[in-house]
Amino acid sequence: MSYQIQATAETPALIIYLLDISGSMTLEFEGRRRMDIVNEALRTAIRQIVYRSTKGSRLSPRYRLAILAYSDEVYDLLDGVKSIDRIANSGSLPELYPKRFTDTAKAFRQAEKILLSELPNLQHGPAPLVCHMTDGVYTGEDPEPIAERIKAMRVDDGNVLVENIFITDEAAGGKIRDIKAWGGMMPGSFSGDPYTEKLKRMSSVLPESYRELMMESAYSIRQGALMMLPGTSADLVSLGFQMSAATPIR
């Protein structure tokens, strides 16, 4: 069964965050800038990863992260892939500041490049994950073919996972009131929004091992749901970042 290999110091999990920092991220969302909500959600996810990597008083390097912010260019915020103990010891994460455009394909190409160089060393570890957060339609090239190439890459544990968090006021099917009761976005559900449909196609199915961990936290995500979050609230954006770090550990 896929997606069962645990993240350990010997077999660390790789997560690549792709964060849209286009100009629209300055727009207000629940009384705050979208950018501030994403900054907070990212910090919460890092804290969760630190917590999941701590054994006793020791921080184990069981996660490795890359954080790429993108607009018309891609900005490598950690200067390469870094282990969680190094990130935690370096103190603060870089702040995200909005730029202009949304070249999503360029960001996915950079993630693909990282994966191609990392995969030979990851064959016996957990399947890597690319977590993409955006708030609007891309400018430039279509990112979907690149996301498909990434999803086709695999290690012993399974194919590389791609997750999408879509910050939007116009949710498919309306605002989700109770995120604990929400069953997740299913492949067959139709949103009526072409970009939501594209992001759904670009998203992996949530592995059962990830879903079980989220069920332990009292979420109700159904079997077969996609790794696709309609970020219609700060809580849903935060849930998306939590989902990215739900790798099995021991």
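## Helix α5 and its surroundings

In this predicted model, the buried residues of helix α5 pack against α3 (104-118), β9 (129-134), α4 (144-152), β12 (161-167) and β13 (228-231). Those buried residues are Tyr195, Thr196, Glu197, Lys198, Leu199 and Lys200. Helix α5 covers residues 194-201, and six of its eight residues are buried, so the helix is largely enclosed by the rest of the structure.

In soluble globular proteins, nonpolar side chains tend to be buried together. The largest nonpolar core here has 84 residues, and the members that touch the most others are Ile16, Tyr17, Leu65, Phe108, Val130, Ile150 and Phe241. Helix α1 (residues 34-52) supplies the largest share of this core, with eight residues.

Which residues does Ile16 touch, leaving aside those up to four places away in sequence? They are Ala66, Leu68, Ala111, Ile114, Leu115, Leu129, Val130 and Cys131.

## The chain as a whole

The protein chain contains seven helices and 13 strands. Its radius of gyration is 17 Å, close to the 18 Å that the globule rule gives for 250 residues, so the chain is as compact as a globular protein of that length. The C-alpha trace spans about 45 × 35 × 35 Å along its principal axes.

Of the 250 residues, 56% count as buried. Among contacts with a separation of 6 or more, 78% are between residues 24 or more positions apart.

## Surface and charge

The accessible surface of the protein chain is about 10600 Å², and carbon and sulfur atoms account for 50% of it. The chain has 29 positive and 32 negative charges, whose mean positions lie 3 Å apart.

Methods:
Residues are numbered from 1 along each chain as its sequence is written. This is a predicted model: local features need pLDDT of at least 70, side-chain atom pairs count only at pLDDT 80 or more; totals for chains, interfaces and linings use all residues. Side-chain values use heavy atoms; hydrogens and water are left out. Buried means under 20% relative accessible area, exposed over 50%, partly exposed in between (1.4 Å probe, protein chains only). Helices (H or I, at least four residues) and strands (E, at least two) are DSSP runs, numbered from the N terminus. Contact means heavy atoms within 4.5 Å. A nonpolar core is a set of buried Ala, Val, Leu, Ile, Met, Phe, Trp, Tyr and Cys residues joined through side-chain atoms within 4.5 Å. The radius of gyration is taken over C-alpha atoms; the globule rule is 2.2 Å times the number of residues to the power 0.38. Accessible areas come from the Shrake-Rupley method with a 1.4 Å probe; for residues, only the protein chains shown count as cover. Lys and Arg count as positive and Asp and Glu as negative; His and the chain ends are not counted. The place of a charge is taken as NZ of Lys, CZ of Arg, CG of Asp or CD of Glu.
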